[in-house]
Amino acid sequence: MRFKNLDLNLLVALDLLLRERNVSRAAEKMHITQSAMSNALGRLRTYFADDLLVPVGRRMELTPRAELLREPVLDILMRIETSVAAMPEFDPSASSRTFRIFVSDYTLSTLVPAFLRMIAPHRYPISFEFRPQVDQPHRPLERGDADLLIIPREYASKDHPAEVLYEETFVCIADAAHPRLGERLDLEAYCRERHAVMRPATSAASFETKSMIDLGVERDIDAVTFSFASLPHLVAGTERLATVHARLARAAARHLPIRILDLPFHLPPMEQSMQWHTYRTNDPALIWLKDSMRAAVVEMG
């Protein structure tokens with residue numbers, strides 16, 4: 001099919017070339033030979049009267065014209081996928097679809113197990129890829145790399161629909177035999193003790209850290225991790241404190257010698273949301289996935 005003399009089949013090749021900036025990798029992902037992809041690049045260069053990809057040292061970089069094409073090409077392909085390729089109905093018992101869901105390790109420890117337990121008896125042939133959160137989390141949605149984001153509402157993009165699934169509160173955890181803490185934790189003790197914290201691999205601060213910065217609460221930090229789920233293990237058997245999600249703390253307290261204390265200040269609850277691409281709103285498979293996530297919240301408790 002052609003539009004203004006452009007073979008629309010070349011749009012898929014163009015999208016991969018703009019993403020990968022490498023002819024061999026783009027060919028591999030499109031399941032064609034390198035020579036066929038080189039031929040496609042040549043035809044695209046002729047059509048746009050631009051090199052699109054140029055060598056810079058050992059790398060290939062996009063020309064200014066190619067940079068301008070990235071978003072429109074993605075938009076066109078997403079529209080085609082959601083408007084033409086989407087099935088009119090979705091039956092999880094008769095589908096081999098793989099859902100790609102971007103989550104934090106907190107979500108992997110709480111909501112995801114409840115979700116998988118809930119659907120396990122059905123033995124659906126579908127599968128799931130749970131991927132780590134990234135900077136600018138809306139980008140995987142727009143590239144078609146993510147079906148769903150599970151993310152705090154304030155980090156969700158305003159350009160795509162989002163729905164709050166549940167609220168999560170925060171607590172302080174300490175070793176069960178911490179020598180200086182009583183039944184109640186005051187602000188002086190909280191600030192006096194040393195802390196373990198989670199810092200994301202992304203540039204954004206975690207929700208509770210951002211909230212404490214807004215409140216002007218400072219911690220004496222001596223242990224930093226990339227994982228929420230590891231925090232209870234960095235507290236047990238030490239004199240550290242950690243501020244964690246209440247559900248995560250309760251789960252950890254079942255098998256670690258830690259105790260849970262109320263924070264001596266008020267942190268706003270985290271509104272955990274799911275977000276999807278605008279064009280995918282009426283995708284029957286995504287509707288099933290969202291309904292299942294809502295049901296998993298009830299399962300999780």
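Biologist: Let's start with Glu 163: what is its relative accessibility, and how does it count?
Modeller: This is a predicted model, and in it Glu 163 has 23% relative accessibility, so it counts as partly exposed.

Biologist: And which side chain does Glu 163 meet in a salt bridge?
Modeller: That of Arg 294, at 2.7 Å from N to O. The two come from distant parts of the chain, 131 residues apart: Glu 163 belongs to strand 8 (residues 162-168) and Arg 294 to helix 12 (residues 284-300).

Biologist: Buried or exposed, what about Asp 145?
Modeller: Asp 145 counts as buried, because its relative accessibility is 18% and the cut-off for buried is under 20%.

Biologist: What does Arg 192 form a salt bridge with?
Modeller: With Glu 193, where the closest N and O atoms are 3.1 Å apart. Glu 193 is buried, with a relative accessible area of 3%, whereas Arg 192 is partly exposed at 41%.

Biologist: Which residues are linked in a network of salt bridges?
Modeller: One such network links Arg 21, Arg 59, Glu 61, Glu 67 and Arg 70.

Biologist: Changing topic: which residues of helix 2 are buried?
Modeller: In helix 2 (residues 23-30), Val 23, Ala 26 and Ala 27 are buried. They lie on the same side of the helix, because they cover an arc of only 100° around the axis.

Biologist: Why would residues three or four places apart point the same way?
Modeller: Because an α-helix has 3.6 residues a turn.

Biologist: What covers the buried residues of helix 2?
Modeller: The cover includes helix 1 (10-20) and helix 3 (34-48). On the face turned away from the buried side of helix 2 you find the exposed residues Glu 28 and Lys 29.

Biologist: Which residue caps the N-terminal end of helix 2, and what follows the helix?
Modeller: Asn 22 is the cap, with a side-chain oxygen 3.0 Å from the backbone nitrogen of Ser 24. Helix 2 is followed by His 31, which has a positive phi, near 60°.

Biologist: Now helix 9: which residues there are buried?
Modeller: Phe 207, Glu 208, Thr 209, Ser 211 and Met 212 are buried. The buried residues of helix 9 pack against several elements, including strand 9 (170-175), helix 8 (187-192), strand 10 (194-198) and strand 12 (241-245). Strand 7 and strand 14 are also among the elements they pack against. Just after helix 9 comes Gly 216, with a positive phi of about 80°.

Biologist: How much space lies in the largest pocket?
Modeller: About 580 Å³. It is lined by 30 residues, and the closest to its centre are Ser 104, Gln 133, Pro 200, Thr 202 and Phe 228. The elements giving two or more residues to the lining are helix 5 (105-109), strand 7, helix 9 (207-215) and strand 14 (270-275).

Biologist: Where is Ser 227 found?
Modeller: In the loop between strand 11 (220-225) and helix 10 (231-235). Ser 227 counts as buried, because its relative accessibility is 13%.

Biologist: What does Ser 227 touch?
Modeller: Leaving out residues up to four places away in sequence, Ser 227 touches Asp 105 and Met 198. A polar atom of its side chain also lies 3.2 Å from the backbone nitrogen of Ala 229.

Conventions
Residues numbered from 1 in each chain as written. Predicted model: local features only at pLDDT ≥ 70, side-chain atom pairs only at ≥ 80, totals over all residues. Heavy atoms only, no water. Buried < 20%, exposed > 50% of the residue type's maximum accessible area, 1.4 Å probe, protein only. Helix = DSSP H or I, 4+ residues; strand = E, 2+ residues; numbered from the N terminus. Arc of directions from axis to C-beta. Contact = heavy atoms within 4.5 Å. Polar contact = N/O pair within 3.5 Å; in protein donor to acceptor, adjacent residues only side chain to side chain. Salt bridge = Lys/Arg side-chain N within 4 Å of Asp/Glu carboxyl O. 1 Å grid on protein atoms, 1.4 Å probe; cavity = no way out; pocket = protein on both sides within 12 Å on 5 of 7 lines; lining within 4 Å. Points joined across faces, edges and corners; volume = space filled by probe spheres on them.
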